[in-house]
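Thanks for sending this one over. Here are my notes, with the cut-offs spelled out as we go.

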Amino acid sequence: MQTTTRITQATQVTQATLRQSRGIERLVEGVATSDGAGVKLTRVLTGQLQHRLDPYLMLDAFSSDDPNDYIGGFPDHPHRGFETITYMLSGRMRHRDSAGNEGLLENGGVQWMTAGRGVIHSELPEQENGVMEGFQLWLNLPARDKMTEPWYRDFPSAAIPEYRTADEITVRVIAGTSNGVAGAVSRADTEPLYLDIHLPAGCAYSTALPAGHNAFIYVYRGAVQVAGTLVGSRRMGILSNATEADGVTITATEDARLLLIAGKPLHQPIVQYGPFVMNTQAEIHQALDDFRAGRLA
Ligand code: MN
């Protein structure tokens with residue numbers, strides 16, 4: 001089996017020893033909503049959290065085995081000013097964009113798209129039944145890069161670096177570096193860390209986090225504990241920014257799977273209008289004008 005082979009070959013690491021773990025500042029349930037052509041999802045990171053979790057702008061979680069919840073997909077729509085990272089746990093989604101890129105995102109794969117000055121794309125399911133489960137994260141761009149040329153990469157599951165510990169914790173490193181293992185993508189300004197962590201019951205996982213970086217976890221299976229606070233299934237836990245903490249230790253109270261996401265804040269104005277995220281209202285008007293005039297992409 002491909003999965004077994006990949007885990008067997010994964011780098012084995014010794015986990016960081018921390019002075020002090022961050023704690024949980026707040027638990028967030030997310031908001032049930034729909035987007036695109038009626039795709040049901042949970043908006044975990046909403047607009048109200050964009051400053052607290054700078055440089056992240058949005059996290060959507062989708063999970064359903066009912067095709068009515070996802071079959072419409074996301075037909076042609078624009079983006080400007082940030083990056084979208086789609087991580088598919090299960091299911092098949094076809095991407096096509098105005099820069100001529102096309103790719104099929106499936107089980108365990110990641111699509112990283114830098115919208116920059118503008119992309120018009122579609123994200124459409126390529127299955128008529130079965131489970132569709134995954135996440136879309138929006139990462140902001142620094143002001144000077146908001147009008148950069150679009151960029152796009154597909155990473156099939158086997159291309160995502162992975163490591164494990166002696167007690168069978170498995171970590172997939174989508175972005176950044178954790179316990180010495182570099183991920184698929186790195187970014188100089190926002191230093192994103194994006195991990196998918198599989199924790200057997202009773203095991204404790206530790207990784208370093210730079211003190212100034214904003215960070216959160218999202219538990220999508222089971223439950224974990226962080227510094228005495230229980231974070232249950234389908235809950236986000238925002239990690240505190242205590243300056244004396246040098247990382248986070250996460251203990252599984254049952255078999256658990258979770259995302260750990262952290263990044264360096266940009267500390268810049270955030271003005272969002274739907275799929276455009278800029279620094280000023282004037283730049284939003286420009287994006288709308290460009291889109292309507294066919295100049296966006
Ligand atoms: Mn999109």
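1. Ground rules. This is a predicted model, in which local features need pLDDT of at least 70 and side-chain atom pairs count only at pLDDT 80 or more, while totals for chains, interfaces and linings use all residues. Residues are numbered from 1 along each chain as its sequence is written, and side-chain values use heavy atoms, with hydrogens and water left out.

2. Metal site. The manganese ion has His77 (NE2), His79 (NE2), His121 (NE2) and Glu123 (OE) as its protein donors, at 2.1 to 2.7 Å. Donors here are N, O and S atoms within 2.8 Å of the metal (3.2 Å for Na, K and Ca); water is not among the atoms, so sites may look incomplete.

3. Along the chain, the donors follow H-x1-H-x41-H-x1-E. His77 sits in strand S6 (residues 74–79) and His121 in strand S11 (residues 119–125), so this pair ties together parts 44 residues apart in sequence. Strands are DSSP runs of E, at least two residues, numbered from the N terminus. His77 is buried at 18% relative accessible area, and His121 is buried at 0%; buried means under 20% (1.4 Å probe, protein chains only).

4. Cavity. Strand S5 (56–64) gives at least two lining residues, as does S4 (39–45); the largest share, three residues, comes from S5.

Technical notes. Helix = DSSP H or I, 4+ residues; strand = E, 2+ residues; numbered from the N terminus. Buried < 20%, exposed > 50% of the residue type's maximum accessible area, 1.4 Å probe, protein only.
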